[in-house]
Amino acid sequence: MTEAPLVLHVIHHLVIGGMENGLINLINRMPESRFRHAIACIEDYSDFRQRLVRRDVEVFALHRSKVGIWGLRRELFHLCRRLRPRIVHSRNMSGLDALFPASLAGVRRVHGEHGWDVNDLNGAKWKPALMRRMHSPLVDHYITVSKQFERYLIERIGISESRITQIYNGVDTERFTPVRERKLDVLPPGFVDENSVVIGTVARIQPVKDHETLVRAFAALLQRRSEVSDRLRLAIVGDGPLLPKLRLLVDSLGIAKRTWLPGAVSNVPDVMRSLDLFVLPSLSEGISNTILEAMASGLPVIATSAGGNIELLQDGQTGRLFPPGDVQTLVKLLKEYVADPLLCQSHAHMARQRALEKFGLDRMIRRYQAVYEQLC
């Protein structure tokens with residue numbers, strides 16, 4: 001029996017994150033008879049790799065910060081020669097380092113673009129654009145998660161439209177699903193009761209996610225002393241380098257007793273089912289997995305009008321959009337939802353329907369598989 005072709009995925013770190021979660025879902029759900037998979041980490045991996053269901057997936061840590069760029073390229077070349085993948089699928093800026101060694105080893109190359117970071121929020125900087133343009137002859141085909149990034153590659157980098165496939169991230173609509181009653185037992189004892197209104201977010205605590213805007217908006221909402229202010233609670237789930245600073249901010253604003261910051265958790269679907277309203281205040285986004293998970297869980301979503309967020313949400317139907325960093329507009333939108341349970345219910349229902357119709361995980365898997373099969 002002929003062995004299925006191997007795809008070697010190259011990412012920066014295999015840790016908790018939206019892009020990384022998407023990769024895990026892709027590997028776990030793609031038919032084993034069609035493709036095998038391996039993962040090369042430009043730096044390292046964490047116990048997040050344990051979410052891989054398939055046991056035939058090898059994960060390699062290449063430690064670029066220790067071995068240097070040419071040491072990394074040498075290791076990737078030898079890895080390609082040893083594993084003999086049919087395709088190398090690199091992702092984002094650090095993944096560009098895999099293209100030359102993969103080309104030298106005679107392997108077909110797919111490069112994925114999943115969004116910008118806090119140092120280049122809209123792709124305006126010339127150096128990252130130049131790096132992408134210099135590496136473009138080494139790419140056989142591009143995959144972008146948003147139409148915005150597809151336009152960026154065409155207009156700014158000069159990539160032909162025929163070399164790009166745009167594929168939205170997919171969400172497991174069976175794992176992330178609404179419940180008739182919120183799962184209050186997920187939250188700390190005494191933190192909420194059946195009358196509480198829980199506003200929440202799930203995201204890594206790093207600068208680009210701008211949790212500070214959400215915290216300040218929540219504090220300002222409490223200061224307005226409305227009839228529901230005593231019922232309001234804030235849940236911020238995720239780990240990251242800014243978590244200690246965020247906890248200090250929560251303390252300084254006097255909202256610690258109404259705020260839950262547990263760090264990373266393993267039961268994100270249950271956390272989603274404990275919320276009434278989901279907020280993502282990011283300064284920049286590709287296609288946010290957590291927005292999709294919130295929508296699939298039947299939650300209205302407030303998000304910034306940044307990146308791919310405007311492609312996911314229908315403003316005024318499945319949620320609301322606001323300018324990044326605009327605390328006062330976010331306060332206004334939070335107040336509208338808190339004051340109108342019927343609005344929450346309507347947008348929650350529409351969000352779930354949109355997730356089912358447009359962003360199912362199986363749809364994403366089929367499209368990635370089609371790109372791989374075409375290259376093979």
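Guide: One definition to begin: the expected span of a helix is 1.5 Å times one less than its number of residues. Helices (H or I, at least four residues) and strands (E, at least two) are DSSP runs, numbered from the N terminus. This is a predicted model, where local features need pLDDT of at least 70 and side-chain atom pairs count only at pLDDT 80 or more, while totals for chains, interfaces and linings use all residues. Residues are numbered from 1 along each chain as its sequence is written, and side-chain values use heavy atoms, with hydrogens and water left out.

Visitor: OK, how many residues does helix 1 have, and how far does it reach?
Guide: Helix 1 covers residues 18-29, which is 12 residues. From its first C-alpha to its last it reaches 16 Å, close to the 16 Å expected.

Visitor: Which residues of helix 1 are buried?
Guide: Met19, Glu20, Asn21, Gly22, Leu23, Ile24, Leu26 and Ile27. Buried means under 20% relative accessible area, exposed over 50%, and partly exposed in between (1.4 Å probe, protein chains only).

Visitor: What do the buried residues of helix 1 pack against?
Guide: Strands 1, 2 and 4 are on the list, along with helix 3 (92-95), helix 10 (289-296) and helix 14 (361-375). Contact here means heavy atoms within 4.5 Å.

Visitor: Now the sheets. What is the strand order in the sheet of 7 strands?
Guide: The order is 3-2-1-4-5-6-7, in an open sheet with parallel pairing. Two strands pair if DSSP finds at least two bridges between them.

Visitor: Which strands stand at the edges?
Guide: Strand 3 and strand 7 (164-166). Each has a single partner strand, so one side of each is left without a neighbour in the sheet. Neighbouring strands of this sheet are turned by 20° against each other on average, direction ignored. For angles, axes are lines fitted to C-alpha atoms, for helices over the stretch in contact, and angles run from 0 to 180 degrees between N-to-C directions.

Visitor: How many bridges join strand 1 to strand 2?
Guide: There are 6, and the two strands run parallel. Leucine 8 stands opposite alanine 38 in strand 2. Strand 1 (residues 6-11) also pairs with strand 4 (residues 87-91), over 4 bridges. There, valine 10 faces serine 90.

Visitor: How many residues of strand 2 are buried?
Guide: 5 of the 6, so strand 2 is largely enclosed by the rest of the structure.

Visitor: What about the sheet of 6 strands: which order does it have?
Guide: Its order is 10-9-8-11-12-13, again an open sheet with parallel pairing. Strand 10 (259-263) and strand 13 (319-322) are at its edges. The twist averages 20° from one strand to the next.

Visitor: Which strands does helix 10 touch when it packs on the sheet?
Guide: Helix 10 touches strand 8, strand 11 and strand 12. Its direction makes about 170° with that of strand 11.

Visitor: Switching topic. Which residues touch the most other members of the largest nonpolar core?
Guide: Met272, Phe278, Ile291, Met295, Val301, Tyr368 and Tyr372, out of 50 residues in that core. A nonpolar core is a set of buried Ala, Val, Leu, Ile, Met, Phe, Trp, Tyr and Cys residues joined through side-chain atoms within 4.5 Å. Helix 14 gives the most to this core, with 7 residues. A second, separate core has 33 residues, including Leu214 and Leu249.

Visitor: Is arginine 54 buried or exposed?
Guide: Arginine 54 counts as buried, at 5% relative accessibility. Its place is in the loop between strand 2 and strand 3.

Visitor: What does the side chain of arginine 54 reach at 3.1 Å?
Guide: The backbone oxygen of phenylalanine 35. The arginine 54 side chain also makes a polar contact with the side chain of aspartate 56 (2.9 Å). A polar contact is a pair of N or O atoms within 3.5 Å; within protein, one must be able to donate a hydrogen and the other to accept it, and residues adjacent in sequence count only if both atoms are side-chain atoms.

Visitor: Last one. What is the phi of histidine 63?
Guide: Positive, at about 55°, although histidine 63 is not a glycine. Histidine 63 sits in the loop between strand 3 (58-61) and helix 2 (64-83). It is partly exposed, with a relative accessible area of 25%. Aspartate 210 also has a positive phi, near 50°, but aspartate 210 counts as buried, at 14% relative accessibility.
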